[in-house]
Number of protein chains: 2
Amino acid sequence: METIPYSGDMGGWGGPVRWEASADGVCERPVSRAATIKDVARRAEVGVATVSRVLSGSGPVSPATRERVLRAVRELEYRPSALGRSLKTQRTGSIGLVVGEITDPFCAELAAGVLACARTLGEHVLLDAAHDDPAREAEIVDRLVEQRVDGIIAIPTGHGDRWRAAMRAGVAVVFADRAPAELPEIPSVLADDAAGVRSAVEYLAGLGHRRIGFLGTTAPGAAPGTDAGVREATFRTALAERGLAPEEDLVVRARPSRDSAFAAAAGLLQRRPDLTAVLAATHLLGEAAVLVARELDLRIPADVSIVMVDDVPWAELCDPPLTAVARPGRDMGYRACEVLLRDPARRERGRPVVLPTELVIRGSCGPRTGMPGGAARSARTR
Amino acid sequence: METIPYSGDMGGWGGPVRWEASADGVCERPVSRAATIKDVARRAEVGVATVSRVLSGSGPVSPATRERVLRAVRELEYRPSALGRSLKTQRTGSIGLVVGEITDPFCAELAAGVLACARTLGEHVLLDAAHDDPAREAEIVDRLVEQRVDGIIAIPTGHGDRWRAAMRAGVAVVFADRAPAELPEIPSVLADDAAGVRSAVEYLAGLGHRRIGFLGTTAPGAAPGTDAGVREATFRTALAERGLAPEEDLVVRARPSRDSAFAAAAGLLQRRPDLTAVLAATHLLGEAAVLVARELDLRIPADVSIVMVDDVPWAELCDPPLTAVARPGRDMGYRACEVLLRDPARRERGRPVVLPTELVIRGSCGPRTGMPGGAARSARTR
DNA sequence: CCGCTGTATGGAATCGTTTCCATCCTGGTG
DNA sequence: CACCAGGATGGAAACGATTCCATACAGCGG
C-alpha cells in the first residue's frame, strides 16, 4: 500500500485515497477510508486546531481561513468522528433505552416519547429489549455501561444490584412506568395507576356492578412500588371504600404472556359466571378477556362489562369499542428523557414524577343487567 | 484536585479515586471516575498490554498473572470503554435502524427482528424514526455516519443522494420493506407484496366479488420498486387476469395518516355503494375501512368484505376478525440484519431477498350477496 | 558454553478528536 | 518608537483502548 501525492491547487494531499490490491490480486482499485481532521487540515493548509475551531465555532478564526477549511471539508466529504470526540469529551451523546418488548404498544409509545425528546436534545438512542428477563436486563445494562452512554432510561424488571452498579459506574438512570421499591434513590416517571384503577372501579360500581373480577399480573411478593402491586392493591381498596368486600376468588393473576393471560381470563369467566364486570390490569389481559367472552358467547356489555388498563389503538376498533384507562406512554417517555438529561436537580431528590391517567369511556360497559343471569349464562357456558 | 496514594497490599494505587471539593465548597467527598485499563495495570502491577491480553484472551499469559489481573478488574469494577476500543479497531459494534414510526406495529415487528439478530451477533442498535420525512431521514443518516455505525438498516423514504453518501463514507446499508428503484446497488429485504395482493384479489374474486375497491397509498409517480407501486399495480394486474376491468373510480389513495386514510375510505364507500369488497393496502387503511363501514352501518362481511395488507394484532380482535395478508415483519428485520452483518457476498450482487406473505383468512369476507344491494344500501348511506 | 526457540511481558505508537498553551503578528497607545 | 493587548494560529498532550515490537529469561540441543 502506498500513498500518492495530490496534484491539486494546494500541492497538498487530495485526501485519504489509497491504492490497494483487491482480493483477487488482479485489478487494483482505489480504496478510500473516511477523511480525518488531519486530512482536512493538510488540504486547507492549516493546523488541526484551526479545523476544530471552525467546525465547533469555539475560537477566533479569520474569514479567509474559515472559508478554506469549509471548502476542504466539502471536497473531502469530511464528517467528524463521534468516537474521537466522545473519547476526548467523555460524553457520547447517546442514551440507552431498555424496554420489555418493542412490539408492545405501550413500550413503543414510551420509546416514541424518548426518541422525540432525545432528538430535540441532540442525543442518540440505543434500544434494547429485556423481555422481562432480569438476566437479560443485567447484560444489556452492562453493555450500555461499556458503551459509556450518558444515561439509561428503563422499564425495570430485575433487582437492584445491576442498577446500582450502573450508577456507581457514573451512568445516570431514570426508571419509567415502574419503580422498584428497593431502589428509591433512582428517579422515576410513573403513571398514576392508582387513580386510574380507582376511577375504573368507581365507574363500574356507579353502573351498579357488585361482583367485579380483576385480572392482574403475577407479582406475589410485589413491592408496593411495582405497578402490579399498585393496581391490585388499589382495586381492593377502591372496592372496600365502596363497601364491596373483595372476594379472593374474583382476583386472578397471569404471567405477561398471551397464553397465560388467556388462561387466566378463561378461568375467571368460567369459574364465576355470576360476575358482571371485569377489570383487566393490562392490555394483554383485556385482549384475553374480550376473546374469552366472545368464545363463551358472552355479549359485551350486556352480559359482562370490561374495562382495561392501557388504551391501545385496537381498543377503538374492538366491537364494542373498549373502555380503558389511558396511560400517557409517550409523555412518560418524553418526561423520563427530560429528567435524565436536563433536570439533574430532580434526579437528586428522589420523588417520582407522576403523570395523570384518564378513563376513556367507550362502549364496553353497561349497567348491571337487572337479572344477574347466572342461570342463563351458566347454560351458555359450555 | 489531588491523587492520594493507595495503601493496600501491593503498594500501588487503590484505583482512580480522587478528592474534589464539592460545589458548596464546604464538605469534601471522594469522587470516583470510571477505572481505566491503566488503573487495572497499576493495581495488578503489570503492563497495560498484559491486561488487554487477559481480557481479550489474545496472547499468552501466565496463570498467576491472569489471576492478579482478574482480581484487580473485580476490585476496581473495571469495564473496558467501548470508545477506546472502537477508536482503535475502527468498529463500533453498533448498527443504525431507521424506521418510519416505532409505534407502527409493522415497524415495531421489524425492529424486534433486528434486535433479535443484533443480539445474537453482539451488536448494538441505534434507533431513530424518520416519520416519512426525507429531510429527517437524511439528517438521521448523517448522524449515524458520524457515529461510525458498522451499518444501517432502513425502511427508506427519501431519495438516493444521502444513501449514496453514506455508502461512500464506508457504511454498509440494507433496505427493508422498501427498495427505491433508483438505488439498485443497495441490497434489500422485501416481502412478496405482489403475491400477497394477488392472493387477496383471487380470494375475493373467488367469493364472487366483481366490484372491488382498492385503498392505496399516495405515490403517484411511484417507482415500480416501491411498495405503493407494487401493491396497486398488482391489484390491477390481478383483476385484469380475472377478466375484471379495473375501474379507475374504485382505486383511491391516501397519505399515510389516520385522517387521510379515513377520508379516503369514507370517500370510496360513500361514492360507490355498489362495491361489495375492499382491499386495503396498509393496516391504517384497513382500520379506516372498518371504522367507516361501521359508521355507515355496513355489515362486515354481509354488506362489504374487507381484506387488508399487514396482519396486525388487532385484526384478530376485530369483530369480525379481519382477513389479512400477513407480512413477516420480524423475519424481514432479522434477515436484513443478517445480510448486513454476515452476508457481504449477498450485499455485493444486488438481488433483493424476498420473503413470502400469507393470506390469513378470518371472518371479514363473505360471498357476494345475491342482491347487489345498491338500493338498500344507498338508503342506509346518509 | 553458545546460540536458538518460544513463552511472558512491558513500552510505545496509534486511532481521531478537543483543548491548553505558546507563538506570531497587527494595530493602537503612551 | 517601544510596548502591549489581543486576534489568529499551530503544536502537542490528553482521552482509553489494541497491537506491534523489543526484551528478558528459561530450557535445550549441539
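What should the 13 residues of α11(A) span at 1.5 Å a residue, and how far apart are its end C-alpha atoms?

A: The model is predicted. In it, helix α11 of chain A covers residues 283–295. The expected span of a helix is 1.5 Å times one less than its number of residues, so the 13 residues of α11(A) should span 18 Å. The end C-alpha atoms of α11(A) are 18 Å apart, which agrees with that value.

The next point is how far this helix is covered. Of the 13 residues of α11(A), 10 are buried, so the helix is largely enclosed by the rest of the structure. Buried here means under 20% relative accessible area. The buried residues in α11(A) are A:H283, A:L284, A:L285, A:G286, A:E287, A:A288, A:A289, A:V290, A:V292 and A:A293. An α-helix has 3.6 residues a turn, so residues three or four places apart point the same way. After α11(A) comes A:D297, with a positive phi near 60°.

Helix α11(A) lies across β9, β10, β11 and β12 of chain A, and its direction is at about 160° to that of β12(A) (residues 305–309). These strands belong to an open sheet of 6 strands in chain A, with mixed pairing and the order β10-β9-β11-β12-β13-β15. Its edges are β10 (251–254) and β15 (358–360) of chain A, each of which pairs on one side only. On average, neighbouring strands in this sheet are turned by 20° against each other, direction ignored. Within the sheet, β9 (residues 212–217) and β11 (residues 277–280) of chain A pair in the parallel sense over 4 bridges. A:F214 has A:L279 in β11(A) as its bridge partner. Another helix, α10 (residues 258–271) of chain A, also packs on the sheet: α10(A) touches β9, β10 and β11 of chain A, and its direction makes about 160° with that of β10(A).

Next come the charged pairs. Side chains of opposite charge can pair when their charged atoms come close. Over all chains, the whole structure has 62 salt bridges. In chain B, one of them links B:R272 and B:D274, at 2.9 Å from N to O. B:R272 counts as buried, at 10% relative accessibility, while B:D274 is partly exposed, at 22%. In chain A, salt bridges with shared partners join A:R211, A:E247, A:D249, A:R271, A:R272 and A:D274 into one network.

A further salt bridge leads from chain A to chain B: the closest N and O atoms of A:R330 and B:E101 are 3.8 Å apart. A:R330 lies in helix α13 (residues 329–342) of chain A and B:E101 in the loop between β4 (94–99) and α5 (105–120) of chain B, so this pair joins two chains. A:R330 is partly exposed, with a relative accessible area of 33%.

Last is the relation between the chains. Chain B is superposed on chain A by a rotation of 180° with 0.0 Å of shift along the axis, and the RMSD is 0.0 Å. The two copies are thus related as by a two-fold rotation axis. In chain B, the C-alpha nearest this axis belongs to B:L126, at 2.3 Å from it. Both copies use the same surface, since 100% of the contact residues of chain B recur in chain A.

Terms used. Residues numbered from 1 in each chain as written. Chains lettered and ligands numbered in written order. Predicted model: local features only at pLDDT ≥ 70, side-chain atom pairs only at ≥ 80, totals over all residues. Heavy atoms only, no water. Pairing = 2+ DSSP bridges. Axes fitted to C-alpha atoms, helices over the stretch in contact; angles between N-to-C directions. Contact = heavy atoms within 4.5 Å. Least-squares fit on C-alpha atoms with pLDDT ≥ 70 in both. Salt bridge = Lys/Arg side-chain N within 4 Å of Asp/Glu carboxyl O. Buried < 20%, exposed > 50% of the residue type's maximum accessible area, 1.4 Å probe, protein only.
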